[in-house]
Amino acid sequence: VRACGGAVAECDPVAWWPDFRAERSATDAARLTAERDEKLLERLVLAVRTWRPEVIVTDALSPDAPACDQAVLLHAKEAFVLAADPAAFPNQLATVGLKPHAAKKLYAVSPDVPEATVAVDLTAVVPEAQDALKDFAEPVARLLGQTTGVPDTVKFR
């Protein structure tokens with residue numbers, strides 16, 4: 001995380017993410033899915049309330065992504081709304097002392113789709129950084145195993 005320029009990372013224990021490849025009854029699978037979804041949603045709301053971001057950016061939803069990636073992305077929209085609701089997960093407010101937080105925007109990466117609402121030119125020089133964002137992102141992408149390089153433009157919707 002530090003080598004990529006980050007300051008913090010979170011790893012959740014996978015004990016609450018059951019292995020759905022194992023044989024289960026339909027009732028058991030439905031119960032486990034509901035429990036997993038509720039815990040995931042609570043963790044995402046907690047993250048928004050803790051970090052209090054103005055903008056939240058998620059990856060693109062892809063049918064090729066693993067099930068856990070798709071679940072996180074689908075729950076991000078709901079967490080975006082629930083983090084501002086004092087009735088949602090009230091234990092985070094009472095016990096932890098957090099406050100509801102309404103982020104201003106939620107974006108998902110949208111590779112080359114016409115309905116993208118925001119496009120960021122990564123080749124443009126950012127005065128504060130005195131360099132292009134792409135030049136900062138390339139080494140990080142290599143550290144994370146990306147071999148195709150960073151695109152010149154990233155689109156969000």
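Colleague: Why are Arg 142 and Glu 138 separated by about one helical turn?

Modeller: In this predicted model, helices (H or I, at least four residues) and strands (E, at least two) are DSSP runs numbered from the N terminus. Arg 142 and Glu 138 both belong to helix 4, and they are separated by about one helical turn because they stand 4 residues apart.

Colleague: What is the N to O distance in the salt bridge of Arg 142 and Glu 138?

Modeller: A salt bridge requires a side-chain nitrogen of Lys or Arg within 4 Å of a carboxyl oxygen of Asp or Glu. The side chains of Arg 142 and Glu 138 meet in such a bridge, with an N to O distance of 3.9 Å.

Colleague: On what basis are such values computed?

Modeller: Residues are numbered from 1 along each chain as its sequence is written, and side-chain values use heavy atoms, with hydrogens and water left out. For this predicted model, local features need pLDDT of at least 70 and side-chain atom pairs count only at pLDDT 80 or more, whereas totals for chains, interfaces and linings use all residues.

Colleague: How many residues apart are Lys 104 and Glu 54?

Modeller: Their side chains meet in a salt bridge at 3.3 Å, N to O. Lys 104 lies in the loop between helix 3 (90–94) and strand 2 (105–108), and Glu 54 in the loop between helix 1 (26–51) and strand 1 (55–58).

Colleague: Which class describes the aromatic pair of Tyr 107 and Phe 156?

Modeller: Rings of Phe, Tyr and Trp (its six-membered ring) pair if their centres lie within 6.5 Å; planes under 30 degrees apart count as stacked, over 60 as edge-to-face and the rest as tilted. Tyr 107 in strand 2 and Phe 156 in strand 6 are 49 residues apart, and both are buried. With 6.1 Å centre to centre and 55° between the planes, the pair is tilted.

Notes: Buried means under 20% relative accessible area, exposed over 50%, partly exposed in between (1.4 Å probe, protein chains only).
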